[in-house]
Amino acid sequence: MDKWQVARSLDEIAKYVDLTEPNRFKAMAFEKAARAIASLDRDPADLIESGDLQKTPGIGKTTASVIEELVRTGSSRYLEQLRQKYPSGIFELLRVPKLGLKKIGLLHEKLGIGSLDELEEACRSGKVRALRGFGEKTEQQILKGIAFARKRESQFLLPVGIEIGEAIREQLAQYDEIENAEVSGSVRRRLEVVRNVNIAVAARDVRAAQKIFTKIVADLEGLDETTFKGTARNNVEVIFHVAKPAEFGSTLFRTTGSAEFVEAFGDIKAAKSEEQVFERAEKVWVAPERRENADDLRRKKARSLVRLEDLRGTFHVHSTFSDGRNTILEMLTAARERGFEYVGMSDHSQSAFYAGGLTPDGVRSQQAEIAKQEPAVAPMRVFRGTEADILADGSIDYDEATLNRFDFVIASIHSRFGMTPEEMTERILKALDNPHVTFIGHLTGRLLLAREGYTMDFDRVFEKAGARGVMIEINGNPRRLDIDWRLAGRALDRGVRFSINPDAHSTREYNALISGTWVARKAGLSPKEIFNTKPAEEVAEFLRRRA
Ligand SMILES: [Zn+2]
Ligand SMILES: [Zn+2]
């Protein structure tokens, strides 16, 4: 087996382990090993021979023995066992929203269902509703979910594309024959969900470049003289676009897209750099994130888009007091280490009992803990907040006395997603009337590739948020990236301001500020429109006036 086959087998094991074990650690170990093997520049057989396999970062004792068996025998007994236990189509079922492992197990056990087609057939013939705990409503939901899953076939989240694209770019950089390489396409445009990874490559010798690609991806095939397609881990399609160094800029530009933007741009002259492409066409620079439509091409001056370095602080941070994985002190310390001037702690409110929401008493002890720990992170400022549920009737999940204890309130919807757009609009408008509300959290509740967000009369909501001075959060969790960048311009026109929030449930998840910033840039937002680019004093003053 070559490294690609080994990596694929390891990825397959990881998926089966995910089906059988609720704890992700074991699956993650196999994923990590797959990643390590795929990025090797030598054959795994060599590695085993020289005894370096277990010394390779990302490979542990268990995974090493599986890799050895795969290389020596061409198969793995462990993988074979797992394959025999389930039909091969079972993983498709995971793509149906809300269909968890437990339900999949039941459908498999009772009805022998092992693929999307079989599930669809069983729903249509009414077999699913007869199962305990399913019912007719669930059956209808599953049918809708199947359509949803089919539409999203072979799509994946942006961070997956960035990780694969960057890893390939780094690998290419090690070869002298490759003069330059950049990720292009929808990944470079920071589209939240992508279908493939495109890479623009500068090389004098196309054949030499092609040979290098075969070392980096599997199943390489030529689409034309200079374009090659292959497969990276997890079946992600990678497309290489080879250009002469003197045409690298124009190739990067063309393959970044979007098709609509490139067409509106008009004649593209060959150029070494992308800047030259814009110069030669006498057009103002447009950042890759903004190249979805022709709007920015008509501007006289380039937009100044917010950068990660512009963020001076952050809000929407959970701790172990609700459903976070790190303590208040750990979250505060991590925020200080990232150089923030301020951080706003916000655990869940009482109705979010499944997320460990705090009762008014719980709020008191959480705030006592903040008071105890904040001297350790001085002079960083710590603001006391909450992520309070917007209840079905639009009221906020705490009494007046408790709300008075907070410096800020993030109002979010975590329940009753099924309301009509009219009801949802009224619910949020009512929440906006509450004078304690500072931010609206993850406005549409969408989970990319898993759950469509609820819809509402956005313009009325933006109108009111603008008038009331309530900010709308840009939730940086890569599964949410909510609100959608397509809506942000409409909000901006109505006077809405934003905050880029990580919705961090662990110290690591402050990284969501990176993805949040992508979306803010894609939405065309500049630092002055983002609340957490402001200095601590100004932020404190704003919150004092509102609270
Ligand atoms: Zn939330
Ligand atoms: Zn949250």
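Which residues gather in a patch of negative charge on the surface? Asp2, Asp43, Asp46 and Glu49 do. The close-ups below come from a predicted model, where local features need pLDDT of at least 70 and side-chain atom pairs count only at pLDDT 80 or more, while totals for chains, interfaces and linings use all residues. Residues are numbered from 1 along each chain as its sequence is written, and side-chain values use heavy atoms, with hydrogens and water left out.

View 1. Patch members have over 30% relative accessible area and no salt bridge, and like charges are joined within 9 Å. A salt bridge here means a side-chain nitrogen of Lys or Arg within 4 Å of a carboxyl oxygen of Asp or Glu. Areas come from the Shrake-Rupley method with a 1.4 Å probe. Asp43 sits in the loop between helix H2 (25-38) and helix H3 (44-49); helices are DSSP runs of H or I with at least four residues, strands are E runs of at least two, and both are numbered from the N terminus. With a relative accessible area of 36%, Asp43 is partly exposed; buried is under 20%, exposed is over 50%, and partly exposed is in between.

View 2. Lys98, Lys103, Lys137 and Lys144 gather in a patch of positive charge on the surface. Look for Lys98 in the loop between helix H6 (90-93) and helix H7 (101-111). Lys98 is exposed, at 68% relative accessible area.

**View 3. Helix H10, end to end.** This helix covers residues 158-173, and its 16 residues should span 22 Å at 1.5 Å a residue; the expected span is 1.5 Å times one less than the number of residues. The end C-alpha atoms are 22 Å apart, so the two agree. Among the buried residues of H10 are Leu158, Gly161, Ile162 and Leu172.

**View 4. Two cis peptide bonds.** One joins Gly257 and Ser258, with omega about -5°, and Ser258 is in the loop between helix H13 (248-256) and H14. Another runs from Ala378 to Pro379, with omega near 5°. Pro379 belongs to the loop between helix H17 (360-373) and strand S10 (381-389).

**View 5. Positive phi at Glu282 and Asp503.** Glu282 isn't a glycine, yet its phi is positive at about 55°. At 74% relative accessibility, Glu282 is exposed. Asp503, also not a glycine, has a positive phi of about 50° and, at 5% relative accessibility, counts as buried. Asp503 is in the loop between strand S14 (498-501) and helix H22 (512-522).

Notes: Chains are lettered from A and ligands numbered from 1 in the order in which they are written. Buried means under 20% relative accessible area, exposed over 50%, partly exposed in between (1.4 Å probe, protein chains only). Patches are made of residues with over 30% relative accessible area and no salt bridge: like charges are joined within 9 Å, nonpolar side chains (Val, Leu, Ile, Met, Phe, Trp, Tyr) within 5 Å. Lys and Arg count as positive and Asp and Glu as negative; His and the chain ends are not counted. The place of a charge is taken as NZ of Lys, CZ of Arg, CG of Asp or CD of Glu.
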